[in-house]
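Here is a short report on one protein model with a ligand. Please view the structure first.

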Amino acid sequence: MQRSETESLKDRMTEAVLQKFEEIFGDAQGARVFFAPGRVNLIGEHTDYNGGHVFPCALTIGTYGVARKRDDRLLRFYSMNFEQAGVIRSSLDELAASEEAGWTNYPKGVIWAFEEKGMKLPCGLDILLNGNIPNGSGLSSSASVEILTGAMLRELFGFQVTNQDLALIGQYSENNFNKVNCGIMDQFAIAMGKKDHAIFLDTADLSYEYAPIALPGAKIVISCSNKKRGLGDSKYNQRRSECEAALAELQKAVDIKSLGDLDLETFEKYQTAVRDDIRRRRARHAVSENQRTIRAVEALKRGDIAEFGKLMNASHISLRDDYEVTGAELDTLVEEAWKIDGVIGSRMTGAGFGGCTVSIVKNEAIDGFIRRVGEAYLKKIGYAADFYAVEIGDGPVTLM
Ligand code: GLA
């Protein structure tokens, strides 16, 4: 039987990480190989910490990793994406975040979170990673590393945790170890990913349903702005506090637990309870985006891709004008995309401020899309964007 392109890429990546592991750590005796995907959010942005809905999917690109138990308490990490950093050492007895630890704060955070939850590691590990998600692109390379680490610990030490637990542990580590106040979307999308499906998740109670993504004659295209961002240094935490403050003001007027409890009509009725115009716009985005996400999934179920695309466009406008998390780079990518025939919908995806956009583009328009959006972006922004047609993939797997 012929192997699919995705499967043979997995084989090649498995071979490459094992070979590198041998080169760096001497031999690969007892080493296991794992994969966890990246994710893209189709709609439902900045709703996951507001008790709203999200609609992300896992990708076939992600992070490959090799892990092996040691007979002492040392932790040794190596990333093929940050080769200049060399081997970064730590120990189970010094699990604290630090600047020098760089990218290893993510796997260390997950090890710390397992221990916090009573799952103590009996020994240290050698871990090597190689990701094919562009770093800092907003496709969740860090959540991918978190879920990958969780999957490694589960397999190597036999901890009894479900994929949903891995998502919660990943978020816990990011919030409490790396001090980024992210919601649950990224970790959930990655841990619970399902090929050719997006996940319609209600972040108020973690109930979810898989919706098949059939895009006849079209593909999901990611445009990467190459403007790097990290959640830690962005205005992410600030947006979160603005929403919390707006919620507290609204709660004086109406009985709600989160902004996700409001429909637009009720929000409009009570919005003057929010005393400040900026906070009012932030709250309006959280409310309207949640409603758009619900409507988008309904449209998709009816097979109305055109309506789904229009809601994606409206999502971008709300993120640009009310939530103010887009910026010239993402706006240029999206506004140029909207000009092209064959683009069903286009919006920024992820936290914003940089990173990527997601577009649904008819197959015959993809080459022209990449050329025209690429040229316009280079001219206006001064450096190039990158484009990827992506496939929706499964959650974490043990490859060997
Ligand atoms: C980042 C966070 C998510 C979510 C998005 C915005 O990706 O990690 O929890 O809040 O931003 O939708």
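## Basis

This is a predicted model; local features need pLDDT of at least 70, side-chain atom pairs count only at pLDDT 80 or more, and totals for chains, interfaces and linings use all residues. Residues are numbered from 1 along each chain as its sequence is written, and side-chain values use heavy atoms, with hydrogens and water left out.

## Ligand site

For Asp186, a side-chain N or O atom is 2.6 Å from a ligand oxygen. Gly183 uses a polar backbone atom, at 2.9 Å. Arg39 places a polar side-chain atom 3.1 Å from a ligand oxygen. On its own, the ligand has 310 Å² of accessible area, and the protein covers 98% of it. These areas come from the Shrake-Rupley method with a 1.4 Å probe.

## Tyr323

Tyr323 sits in the loop between helix H9 (305–321) and helix H10 (328–338). Helices are DSSP runs of H or I, at least four residues, numbered from the N terminus. Tyr323 has a relative accessible area of 0%, so it counts as buried (under 20%; exposed is over 50%, partly exposed in between, with a 1.4 Å probe and protein chains only).

Contact means heavy atoms within 4.5 Å. Leaving out residues up to four places away in sequence, Tyr323 touches His46, Tyr49, Asn50, Arg239, Cys243, Arg282, His285 and Ser318.

## Ser288

Ser288 belongs to helix H8 (residues 277–301). Its relative accessible area is 8%, so Ser288 is buried. With residues up to four places away in sequence left out, Ser288 touches Leu264 and Ser318.

## Cysteines

The structure holds zero disulfides, a disulfide being a pair of cysteine sulfur atoms within 2.5 Å. For Cys57, the nearest cysteine sulfur is that of Cys356, 13 Å away. Cys57 is buried, at 0% relative accessible area. For Cys182, the nearest is that of Cys243, at 15 Å. Cys182 is buried too, at 3%.

Terms used: Helix = DSSP H or I, 4+ residues; strand = E, 2+ residues; numbered from the N terminus. Polar contact = N/O pair within 3.5 Å; in protein donor to acceptor, adjacent residues only side chain to side chain.
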